[in-house]
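Reader: I am new to reading structures. Please take me through one part closely, and show me how that part sits in the rest.

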Amino acid sequence: MVNVIVRGLNRVGRSFPWNHSEHYHRWILRNLPQRRGPALEVGCGTGLLVQRLSGQFDQAVGIEPDEGMLIAARSRLAGIGKARVEQLRLAEVAPPPPGFDLVTMVASLHHQSLEPALQEARRVLAPGGRLLIVGLWDVQLRDPVDLALTLATWLADPVVGFLKHPRGPRPPKYDPGMPLSTPHEAWPELKAAFAKELPGSSARRRLFFRYTVSWDKP
Ligand SMILES: C[S@@+](CC[C@H](N)C(=O)[O-])C[C@H]1O[C@@H](n2cnc3c(N)ncnc32)[C@H](O)[C@@H]1O
């Protein structure tokens, strides 16, 4: 019976697909720091968040290793003087002194090695700068919070999809195929890494298989 319900919900969900990571851009925009000099988006994909940040910061820089994504992001950002994308990894970034006022990672942390990526984010931030992460974790259905969030997500996913795209999905103009990766860390490992590398950060699991972390560099 449970299987039938899950298969049915998955089928309905697939009829109204929508982007769970982009959904959390609103959380990023609600939690911006006061100082708005340079901002860095790590693993910027097609550059939508870089575009959004360019309206709020003096400079918005996206970094992205994938060729197809770079083309898509550069095409999106052409003509926006305050925004640019570079083919770099975080460890290669030379921040403008004294550092970035904001670093974001939306669905890109699980593509990187966890602790080194958090250390690099700390390095490129200016003192007083803010790190905002929207991430994915390895959901464990034995964990009661993971289980409750998964059930709520299955129910809410098609409803939100329908509300966003009542006439079904619209095909993108250029779709190079988003590089995907499976998250390897379960929530306890992630929490431990955030406590160690980002002391005082606030980390929360949320709907749609995403967590958020906010941390201000002292
Ligand atoms: C789901 S997309 C993120 C999209 C974007 N952040 C957004 O909010 O719309 C994940 C991106 O991370 C990029 N990525 C893969 N390996 C990476 C790495 N080592 N460092 C940074 N980004 C990486 C992928 O190429 C992909 O574009």
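Author: Let us begin with one pair of residues. Pro38 stands opposite Gln59 in E2. This is a predicted model. Pro38 belongs to strand E1, which covers residues 38–42. E1 and E2 run parallel, and five bridges join them.

Now look at E2 itself. Strand E2 spans residues 59–63. Four of its five residues are buried, so E2 is largely enclosed by the rest of the structure. For the protein chain as a whole, 33% of the 218 residues count as buried.

Leaving aside residues up to four places away in sequence, Leu40 touches Val61, Ile63, Val93, Phe100, Val103 and Val124. Leu40 is also part of the largest nonpolar core, which has 47 residues. Leu40 is among the residues that touch the most other members of that core, and so are Val50, Ala73, Phe100, Val103, Ala121 and Leu131. Which strand gives the most to this core? Strand E5, residues 125–135, does, with six residues.

H5 runs over residues 67–77. Its buried residues are Met69, Leu70, Ala72, Ala73, Arg76 and Leu77. Look down the axis of H5: these buried residues fall within an arc of 165 degrees, so they line one face of the helix. They pack against E2, strand E3 (83–86) and H4. The face turned away from the buried side carries the exposed residues Glu67 and Ser75. Just after H5 comes Gly79, with a positive phi of about 90 degrees.

Last, step back to the protein chain. Its secondary structure comes to eight helices and seven strands. Take the contacts between residues at least 6 apart in sequence: 70% of them join residues at least 24 apart. The parallel pair of E1 and E2 is one part of this chain. H5 packs its buried residues against E2, and Leu40 touches Val61 and Ile63, among others.

Terms used: Residues numbered from 1 in each chain as written. Predicted model: local features only at pLDDT ≥ 70, side-chain atom pairs only at ≥ 80, totals over all residues. Helix = DSSP H or I, 4+ residues; strand = E, 2+ residues; numbered from the N terminus. Buried ≥ 20, exposed ≤ 12 C-beta atoms within 10 Å, placed from the backbone. Contact = placed C-beta atoms within 7 Å. Arc of directions from axis to C-beta. Core = buried A, V, L, I, M, F, W, Y, C linked by C-beta atoms within 7 Å. Pairing = 2+ DSSP bridges.
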